[in-house]
Amino acid sequence: LLERERRNYEARLPRSRAAYDSAGSLLGRVPMTWMNKAAGRFPAYLDEARGARVRDIDGFEYVDFCLGDTGAMAGHSPEPVMRAVRNRLGFTAMLPSEDAEWVGAELTRRFKVGLWSFSLTATDANRWAIRLARQITRRPKILVFNYCYHGTVDETVVTLGPDGTLPRPGNVGPPVDPAETTRVVEFNDLEALERELSHGDVACVLMEPALTNIGIVLPAPGFLPAVRELTRRHGTLLINDETHTFSAGPGGCTRAWDLDPDIVTIGKAIAGGVPIGAYGVTREVADRILAEEGADLVDVGGVGGTLAGNALSIAAARATLEEVLTDDAFAYMTTLASRFTGGVAKAIEGLPWSITQLGARTEYRFGTPANGGESAALSDDDLDDYFHLFMHNRGVLMTPFHNMALMCPSTTTEDVDLHTELFTAAVRELTG
Ligand code: PLP
């Protein structure tokens, strides 16, 4: 069956194949190379995107449940954002604006922490949050969870080896010795967390409240409050990276689950497709920065960048938060995700498979729900490839490297039902 789907894919997409074969000028062709890895050789090249739909250069249209791996959670080119950026293109002043004040206040309403700064990516938001945590605590290390992903931040591209931290395989240029910079423990393993924090050298725990980059791994009951309690007890700051878990609701998991982090980082979706990242700190953290630096907050160096908070990104963020990814939109997207979850659950009844939902985001897994990164990493590549190609060949686009389906405000009930029907048909074909 997988071979049949591969053949269909190749036969359908001659222009994409030619584009891929002839492109010799790009190092790695990032990020398209990883799209449709399952096809074995080449990704579909896209040339149009609007709302929840994309079109490839061979003229096929897809309902997009990948949505730029959440970058397009607001839908592609949402109209309010297109309007807002029109008179902001090319406007780079390195000066504040009323829009930035509005976005900061709105992020505070949503994520609780009170003072915000901007970057251009979530990677940079994390890097700068880590710098602040190190400065305040005067500690050298950070702690992350195994199989987390926080962007290409040096200290986080690590893995848990038998004797501690190792460079993550396949990543170029790891920190010289990641054991010097980073402690790693399994998600949901409180004993290991306490052991590692008790060394007293960890500036911050950088975490997603639920893992999302290895499928969705939900926190066990009581895990997140215990992380908060342990970090407080050991003088370690807690950073919630909500870049993906933003799917949980208008204020991510922080608000949905009433969490109490010291710092929140985010990026991707909040400017409706325009590059942005943001990091917010509590007033207490801000006071500690001031106490350390003895300076005005705006004079703190070592964080920030020329285009951070540029007028274009900020106008796009305001339009996205004010008009697109609203509280109502999240309620709608979550209802759609629940509908999909219900349909998939019905199709896999009696099979040892599972589906997990985090607000507007779902993830099906050819195994039982995972409890940590290690168990989540166990997968059947052929099964994953078969489902991906089955969907792709019939007009449904999913995240290539895991089985995520994300809803945006433009996704319709019909889109969800199409995906559910295709999923059900693929399961039937496979199981006879
Ligand atoms: N944080 C999380 C949780 C992510 O999943 C990602 C990217 O997938 C990032 C941060 C980094 O985002 P970006 O690549 O846009 O910098």
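The dialogue below reads a sheet, a helix pair and a ligand shell in a predicted model.

Biologist: How many strands form the open sheet, and in what order?

Modeller: Strands of a sheet pair through backbone hydrogen bonds, either parallel or antiparallel. Here seven strands form an open sheet with mixed pairing, in the order β4-β12-β11-β10-β9-β5-β8. β4 (115-119) and β8 (182-185) are the edge strands, each pairing on one side only. From one strand to the next, the twist averages 20°.

Biologist: How many bridges join β5 to β8?

Modeller: Strand β5 (residues 141-145) runs parallel to β8, and four bridges join them. Leu-143 has Arg-183 of β8 as its bridge partner.

Biologist: Which strands does α4 lie across?

Modeller: α4 lies across β4, β11 (263-267) and β12 (277-281), at about 65° to β12. α5 lies across β4, β5, β9 (202-207), β10 (237-241), β11 and β12, and runs at about 165° to β11.

Biologist: At what angle do α4 and α11 cross?

Modeller: Two packed helices are described by the angle between their axes and the distance between the axes. The axes of α4 (residues 98-111) and α11 (residues 311-324) cross at roughly 45° and come within 9 Å. α4 is therefore oblique to α11. Their crossing is left-handed. Contact residues include Trp-102 and Val-103 of α4, and Ile-314 and Leu-321 of α11. By class, this contact of α4 with α11 has seven nonpolar, no polar and three charged residues.

Biologist: Which residues come nearest to the ligand?

Modeller: Thr-121, Ala-122, Thr-123, Gly-151 and Thr-243 come nearest, of the 15 residues around the ligand. The shell divides into two nonpolar, nine polar and four charged residues. Helix α5 (residues 122-137) gives the most to this shell, with three residues.

Definitions and conventions:
Residues numbered from 1 in each chain as written. Predicted model: local features only at pLDDT ≥ 70, side-chain atom pairs only at ≥ 80, totals over all residues. Axes fitted to C-alpha atoms, helices over the stretch in contact; angles between N-to-C directions. Helix = DSSP H or I, 4+ residues; strand = E, 2+ residues; numbered from the N terminus. Parallel < 35°, antiparallel > 145°, perpendicular 65-115°, else oblique. Left-handed = near helix turned anticlockwise from the far one by under 90°. Contact = placed C-beta atoms within 7 Å. Nonpolar A, V, L, I, M, F, W, Y, C, P; charged D, E, K, R; others polar. Near = placed C-beta within 6 Å. Pairing = 2+ DSSP bridges.
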